[in-house]
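Hi,

Here is the model I promised to pass on. Have a look at it first, and my notes follow below.

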Amino acid sequence: MKKTSVVLVMAIAGVATVQAEPITIYGQLNVSAQSADEGEGRFSELKSNSSRFGLKGDYALEDGLTLVYQLEWGVNVSDSSSSNVTARNQYIGLAGNFGEVRLGRHDTAAKMSQGKIDQFNDFEADVGGLWEAEVRANNSISYFTPSYNGFGAQLTYILEDSADAEDAISAALFYGDDNLKDSNIFVSVAFDSEVNGYDTVRLSGQTKVAGVKLGAMLQRQEDIVTGLEQDGWLASAAYPLGKTELKAQYQTLEDDKAISVGVDYKAGKNTTLFAWYSSFNLDTPTPDRDYLALGIKHKF
């Protein structure tokens with residue numbers, strides 16, 4: 001059923017390419033061979049690290065408006081189970097002088113506030129491994145303000161779609177360029193209210209000094225049901241050496257800790273070879289764990 005749907009969507013995309021422009025078909029294949037120890041002995045596995053494909057585009061309308069859309073799916077290229085294809089950001093919206101509004105499934109403002117600070121995004125040491133607030137919200141309305149003197153904001157309103165549930169809000173204020181190209185600084189402050197069972201405050205910042213990217217994040221999260229409050233921080237660094245980039249990251253949540261080191265090699269314009277090691281020291285009933293990986297990522 002799911003495979004048939006995907007084939008149909010791709011066929012429709014082919015027709016759309018002929019009938020209207022612009023439309024972009026894009027994707028990313030990210031696969032690693034890993035040696036893992038999660039407390040019960042070491043084993044090997046092949047992981048598809050948020051591999052994905054999608055369609056996106058925008059169309060000029062009247063009165064200075066632009067229609068925008070994105071349909072993105074995650075694909076597990078190492079597994080043929082029923083969950084092989086999953087939904088990611090999928091929305092339709094309008095853009096204009098007022099900013100941009102998106103309706104559908106979308107990363108919350110707090111999640112997007114991290115920019116490119118997480119050097120191990122999509123891997124085992126992704127910031128979401130220890131922290132909350134990494135939510136892709138269903139039934140959401142996202143608003144992006146226009147940029148003004150480097151400042152911008154995002155608001156996510158989540159409709160809970162249930163009589164016994166509360167709507168949720170995620171908001172963020174940004175300054176600078178998260179790609180560190182137009183400016184050498186990126187900072188943000190964000191909060192979640194009632195999002196996925198948590199209230200969260202997050203502060204993030206990244207800069208580039210002599211070509212080295214340095215990032216830091218602070219987070220406080222509170223479980224709405226239990227009232228448990230937890231604090232954590234993260235520091236990351238990336239150092240380019242020609243086609244190679246060396247990376248390191250350290251993250252905490254109370255007494256839980258994660259440390260990662262890695263290296264990327266740019267094998268082509270859209271292709272990266274990588275290796276990394278991550279270790280988790282957890283002050284919980286969950287056993288400590290560590291991972292060693294070699295892999296390849298290709299964007300199209």
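Two strands count as paired if DSSP finds at least two bridges between them, and strands (E, at least two residues) and helices (H or I, at least four) are DSSP runs numbered from the N terminus. It's a predicted model, so to speak with care: local features need pLDDT of at least 70, side-chain atom pairs count only at pLDDT 80 or more, and totals for chains, interfaces and linings use all residues. Numbering starts from 1 along each chain as its sequence is written, and side-chain values use heavy atoms, with hydrogens and water left out.

On to the strands. S10 (residues 185-195) runs antiparallel to S11 (residues 198-209), joined by nine bridges; Asp192 has Thr200 as its bridge partner in S11. Two residues sit between the strands of this hairpin, where Asn196 takes a positive phi near 55 degrees. S10 also pairs with S9 (residues 168-176), again antiparallel, over eight bridges.

Now the rings. Tyr59 and Tyr69 are stacked, 6.0 Å centre to centre with 15 degrees between the planes. Tyr59 lies in S3 (residues 52-60) and Tyr69 in S4 (residues 66-75), so this pair ties together parts ten residues apart in sequence.

Phe123 and Trp276 form a tilted pair, at 5.4 Å and 45 degrees.

Cheers

Terms used:
Rings of Phe, Tyr and Trp (its six-membered ring) pair if their centres lie within 6.5 Å; planes under 30 degrees apart count as stacked, over 60 as edge-to-face and the rest as tilted.
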